[in-house]
Amino acid sequence: MDDPRYFNSRYRGPGALETPKLIRSITIDRCSNFTSGGANGNDINLLSQLYKARTNSEEFISLLVYSVPDLRRIPFDEAVQQEFRPTRLGEWFGPSWSTHWFHVQLRIPNEFAGEEVHFIWNADNEALIWSIDGMPLQGLTGGAGSDARHEYILTTNAQGGEIIQFYIEMACNGMFGAGNGLIGPPDPNRFFNLNELDLAVPNRRAWDLLYDFQIILGMARDLSQDSLRAAQALNTANNIVNTFLPGNDESIERCLQIASHFLNAKNGDSQHEVIALGHCHIDTGWLWPFEETIRKAARSWSSQIDLMDRYPDYKFICSQAQQYEWVKDNYPPLWERIKEKISMGQFMPTGGTWIEMDTNMPSGESLCRQFLLGQRFYEEHFGKRCKVFWLPDSFGYSSQLPQLMHLADMKYFFTQKLSWNNINKFPFTTFWWIGLDGTKALTHMAPSETYNAQCTPEELIRTVRNHRDKEYSNTSLLVYGNGDGGGGPLASMIERLRRMKNVDGLPKVEMGAPSDFYERLERDTPTLATWSGEMYFELHRGIFTTHALCKKFNRTCELLLRDVEILATFAHIADPENFEYPKAELDQFWKMICLIQFHDVMSGSAIEMVYDDCLQMYSKVDMLARQTRTMLMDKLLDLEDTALPEGKQALAVFNTLPWARSEVIEVPLDEGLPTMKQYSAFGRTGYAIVENVPPLGVRGHNFTEETEYEPVKVTTDRNNNIVMENVFIQATFDKSGHLIGLTDKKLNRPLIRPNERGNVFRMFEDIPLFWDGELWILNVG
């Protein structure tokens with residue numbers, strides 16, 4: 001009876017640990033090494049088992065290249081007609097912004113028969129795979145980060161010995177342009193090395209274990225340390241590491257069983273609900289020129305079409321009608337596939353505007369055009385308008401937007417940018433945004449505080465923690481996918497989402513559509529907080545002043561197009577049968593102006609190449625619109641092209657504003673004009689006074705009218721100060737040029753206090769914590 005062996009044989013309780021109790025920090029580090037590419041033992045950890053076979057032998061891979069001269073971006077049909085030369089793994093390609101087309105011919109090894117086979121390509125830049133007949137198949141993103149997309153599935157069931165051919169269009173820029181680091185100025189002489197070129201057979205069960213393990217370890221690391229599920233997750237992850245044997249597929253199956261036992265524990269009914277939206281935020285212009293954005297859209301969207309084919313439940317949202325039009329015009333086969341996926345409900349247009357614009361600097365008319373052009377495009381090509389105004393990344397939100405949204409048939413608003421505020425944290429997540437006129441828009445800001453989520457447990461945990469309206473709403477959005485430079489979601493993100501759908505310890509998550517989320521809010525949420533007026537962004541600095549010339553041309557072109565449209569309307573009213581309103585031309589003008597109003601362009605935070613393109617577009621709009629305006633004025637006045645006697649020419653002065661005006665006008669000198677009373681300093685123009693030009697009307701001026709006016713007077717006072725005055729104001733300047741007096745003569749009201757000065761510039765030190773160098777460094781490169 002005293003023999004312990006007798007006691008142990010009778011006792012059926014828990015076993016005794018043969019090792020010390022787990023120390024959390026050490027165990028997390030150990031488990032992290034299990035899936036780390038840079039850890040000690042990475043040749044025997046789980047990553048070493050992801051491929052069962054791999055070869056880069058030139059026996060199976062043949063590569064030819066054509067390097068396009070002069071940094072040109074040429075279409076597929078032109079590229080495949082060129083003369084290609086042999087190349088191989090390890091060659092360098094450049095310089096920055098150059099394009100290189102590869103013809104790839106593969107022979108699948110006989111040993112790969114019956115297996116799924118991947119083509120793996122990494123040149124640390126961006127590329128697009130094309131079929132032999134010109135269909136964009138999938139984008140490739142180089143590098144070693146979480147946004148990398150190196151693999152392309154050649155076949156899911158190889159025969160062995162088959163020949164596969166395709167083309168690759170390499171762009172010599174990274175995801176974030178051609179600079180060094182995230183926002184470095186472009187380096188014009190960057191070269192890129194083709195450092196991976198393989199055929200590989202994936203070990204699907206090892207990949208399944210990797211996705212399971214990422215979720216379990218993420219929960220162990222990011223849930224509260226004293227929570228039950230964090231402790232269970234840490235123990236499960238450690239057991240998986242202990243069970244794994246490199247090179248032994250049976251051990252992988254045992255590890256999957258351990259993972260399944262943990263992940264099969266379900267949530268309760270009260271858990272927070274997350275709707276996950278696949279997304280690809282492509283800045284229409286930022287660290288790369290507009291022409292590269294066209295290719296980024298094709299690379300990104302073809303990758304998403306491929307994922308939709310592989311995952312029928314996957315849904316992807318995409319905004320910015322301008323990018324859709326670019327794909328339609330430049331990639332017709334891809335455009336047809338996009339329309340197919342839209343009809344199936346997987347590819348979901350959203351946003352409702354031409355681009356994701358700045359909302360502070362464009363005029364009200366420009367904001368209206370953004371909605372008009374966007375909604376018109378969606379309705380014409382997809383049969384319906386967008387209901388969600390999608391603007392995740394603009395630098396603040398004008399108080400007029402709710403009203404404009406309503407007028408554009410949009411009910412909902414999404415953003416997340418205000419979560420970056422570094423002074424006053426925005427107080428709401430889901431709320432009613434009330435505009436100046438009282439219009440309400442149901443608004444949500446993703447509490448994960450990103451539109452580039454990677455589908456990790458940490459992001460789901462953060463979503464619940466940061467949701468500021470949990471007492472009113474128990475649901476939120478997770479917007480995931482690699483963005484800014486494009487790419488979109490990866491298969492690994494979808495795999496993790498599927499596993500996290502209903503796991504005890506995490507919020508419930510499902511893939512869905514924006515409309516699912518907002519309609520659920522409307523149905524299930526009885527009350528919400530309100531925010532009235534502008535939503536001000538507190539992080540980025542200098543956006544109202546940087547690239548002032550671009551901002552100036554934006555306004556002058558806006559006003560010029562207003563003149564053209566008013567005059568064209570008058571011409572149509574006057575002669576509806578014979579005058580054709582220039583709608584197509586005006587639409588093109590507005591599309592160019594709206595394109596430049598993209599938030600990273602209008603703000604001044606893009607690279608110099610972008611502004612070179614902007615100036616070309618502004619010049620084109622200015623020249624053609626001025627020609628159109630002149631033609632319209634001639635038509636409205638019905639002027640005969642007959643010469644008038646010397647000195648008898650006159651002016652027709654149009655007033656396109658809705659009130660009568662008396663102004664000093666500047667007149668270009670022309671032969672036959674009479675002598676004017678005043679000329680410009682360089683003698684190229686003269687000045688005339690016109691009075692009482694009627695609103696939205698025209699008045700003649702023959703230079704002979706004697707206009708009563710009080711000329712500007714310049715005198716000195718008893719203190720020898722300079723006094724300048726006209727009929728409206730009197731201004732006094734001291735001998736140093738300081739404005740020391742200003743009086744409104746109509747009201748007899750001084751506007752500057754005695755012994756003070758006006759127009760005094762005040763400078764305040766403002767040192768941001770983030771992005772303080774972006775506006776400067778991007779424009780010196």
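Student: Which residue in strand 10 does L128 stand opposite?
Tutor: L128 stands opposite E169. This is a predicted model, by the way.

Student: How many bridges join strand 7 to strand 10, and which way do they run?
Tutor: There are 5 bridges, and the two strands run antiparallel. Strand 10 covers residues 163–171.

Student: What about strand 8?
Tutor: Strand 8 is residues 136–141. Strand 7 pairs with strand 8 over 5 bridges, in the antiparallel sense.

Student: How many residues sit between strand 7 and strand 8 in the hairpin?
Tutor: 5 residues lie between them. G134 is in that turn, and its phi is positive, about 95°.

Student: Which residues are on which side?
Tutor: E126, L128 and W130 are on one side. A127 and I129 are on the other.

Student: Is helix 7 enclosed by the rest of the structure or open to the outside?
Tutor: Largely enclosed, because 18 of its 21 residues are buried.

Student: And helix 2, which residues are buried there?
Tutor: T27, I28 and C31 are buried in helix 2, which covers residues 24–33. Down the helix axis, the buried residues fall within an arc of 100°, so they line one face.

Student: What covers them?
Tutor: The cover includes helix 4 (204–222) and helix 5 (228–243).

Student: Where does S25 lie?
Tutor: S25 lies in helix 2. With a relative accessible area of 47%, S25 is partly exposed.

Student: How far apart are S25 and L210 in space?
Tutor: They are 21 Å apart, C-alpha to C-alpha. In sequence, 185 residues separate S25 and L210.

Student: OK, domains. Which ones does the assignment give?
Tutor: The assignment gives domain 1 (49–202), domain 2 (206–264) and domain 3 (273–528). It also gives domain 4 (544–641), domain 5 (650–704) and domain 6 (710–780).

Student: How many residues of domain 3 and domain 4 are in contact?
Tutor: 31 residues of domain 3 are in contact with 27 residues of domain 4. The C-alpha centres of domain 3 and domain 4 lie 30 Å apart.

Student: What does the UniProt annotation say about residues 538–618?
Tutor: The UniProt entry, which is unreviewed, annotates residues 538–618 as "domain: Glycoside hydrolase family 38 central". In the model, that span is 69% helix and 0% strand. Its end C-alpha atoms are 30 Å apart.

Student: How many bridges join strand 24 to strand 26?
Tutor: 7 bridges join them, and the two run antiparallel. Strand 26 covers residues 685–693. V667 has G686 in strand 26 as its bridge partner.

Key
Residues numbered from 1 in each chain as written. Predicted model: local features only at pLDDT ≥ 70, side-chain atom pairs only at ≥ 80, totals over all residues. Heavy atoms only, no water. Buried < 20%, exposed > 50% of the residue type's maximum accessible area, 1.4 Å probe, protein only. Helix = DSSP H or I, 4+ residues; strand = E, 2+ residues; numbered from the N terminus. UniProt positions renumbered as here; feature names shortened; annotations may be inferred. Arc of directions from axis to C-beta. Contact = heavy atoms within 4.5 Å. Pairing = 2+ DSSP bridges. Domains from an automatic or database assignment.
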